[in-house]
Amino acid sequence: MPDSYSNEPKKINVKTLRKFKKEGRKIAVLTAYDFPTAKLLDNAGVDCLLVGDSAATVVYGYPNTLPITMDQMILLCQAVSRGVKRALLIGDMPFLSYQPSEEIAIINAGRFLKEGGVEAVKLEGGLEMVGLIRKMVDFGIPVMGHIGLTPQSVNKFGGYKIMGKTDRQREYLLKSAEAMEGAGAFAIVLESVVPEVARKISESIKIPTIGIGAGTDCDGQVLVVSDMIGLFEEFRPKFVRQYAQLAKIIRDAAGRYCDDVRSGKFPGPEESYEG
Ligand code: KIV
């Protein structure tokens with residue numbers, strides 16, 4: 001963990017995030033899908049790790065997030081949870097694991113906490129999810145909301161669109177954020193929201209907003225780790241900043257390995273057991 005964080009809380013929880021917002025301290029969130037990466041990100045001081053349903057595309061190679069199942073998500077959560085000590089760990093509820101009924105939603109959210117080892121869940125949707133969020137929170141399941149571009153609704157919207165451009169969208173986003181706060185959500189992801197609207201929402205609620213493609217005025221930021229480290233090359237949204245180019249490093253390393261195997265340079269005496 002960086003030295004500047006040496007006086008920081010040993011463990012982040014939902015209350016810590018609200019305190020960070022009050023203190024004006026920005027919240028750093030990344031996704032994670034496996035044990036070694038989660039351990040590295042946790043050591044680096046990332047405040048929250050989200051086992052995102054983006055795993056559908058960046059781990060499983062599906063064209064969008066719709067196909068990923070509860071069982072696939074739970075396995076990833078289990079691996080990630082073994083690597084995390086400090087960050088708040090959040091599991092992302094996959095498409096149709098919470099929409100059919102409150103009962104199904106609560107059973108599946110419970111699986112995330114009981115089997116997956118996460119401390120909170122995230123679900124997509126605004127005003128229409130408020131009743132469910134209230135019930136989940138009442139039952140002891142912390143919930144993070146997610147409004148703006150909601151990738152599980154890609155077929156409804158006919159693509160991935162920036163949200164908050166029309167008066168109707170702005171009103172829906174603002175009302176959704178306020179209602180979700182009222183229902184007990186501990187934070188809200190704002191994805192691909194016009195920065196001015198994201199700022200307005202962030203100012204009007206006490207729980208933190210976590211932006212992705214929503215400008216600088218959110219209370220925190222989240223990126224898909226595979227985008228942030230330059231591992232996923234299929235597409236790169238405008239809002240991504242690459243802090244490393246791992247795809248190139250891995251490709252180069254694998255190429256050199258192939259050359260060494262084929263030329264007989266690997267293994268050498270130092271990588272072989274003595275008789
Ligand atoms: O699935 C995911 O990774 C997400 C984040 C991008 C917020 O929902």
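**Exercise 1.** Find which atom of the ligand is 2.9 Å from an N or O atom in the side chain of aspartate 53.

*Solution.* Next, take serine 54, where a side-chain N or O atom lies 2.5 Å from a ligand oxygen. Then move to aspartate 92, for which the corresponding value is 3.1 Å.

A friendly note on the model: it is predicted, and side-chain atom pairs count only at pLDDT 80 or more, while local features need at least 70. Residues are numbered from 1 along each chain, and side-chain values use heavy atoms, without hydrogens or water.

**Exercise 2.** Work out how the residues of the shell around the ligand divide into nonpolar, polar and charged.

*Solution.* First list the surrounding residues, among them Thr31, Leu50, Lys122 and His146; a residue is near if one of its heavy atoms lies within 4 Å. Now sort them, with Ala, Val, Leu, Ile, Met, Phe, Trp, Tyr, Cys and Pro as nonpolar, Asp, Glu, Lys and Arg as charged, and the others as polar. You get four nonpolar, four polar and three charged residues.

Notes:
A polar contact is a pair of N or O atoms within 3.5 Å; within protein, one must be able to donate a hydrogen and the other to accept it, and residues adjacent in sequence count only if both atoms are side-chain atoms.
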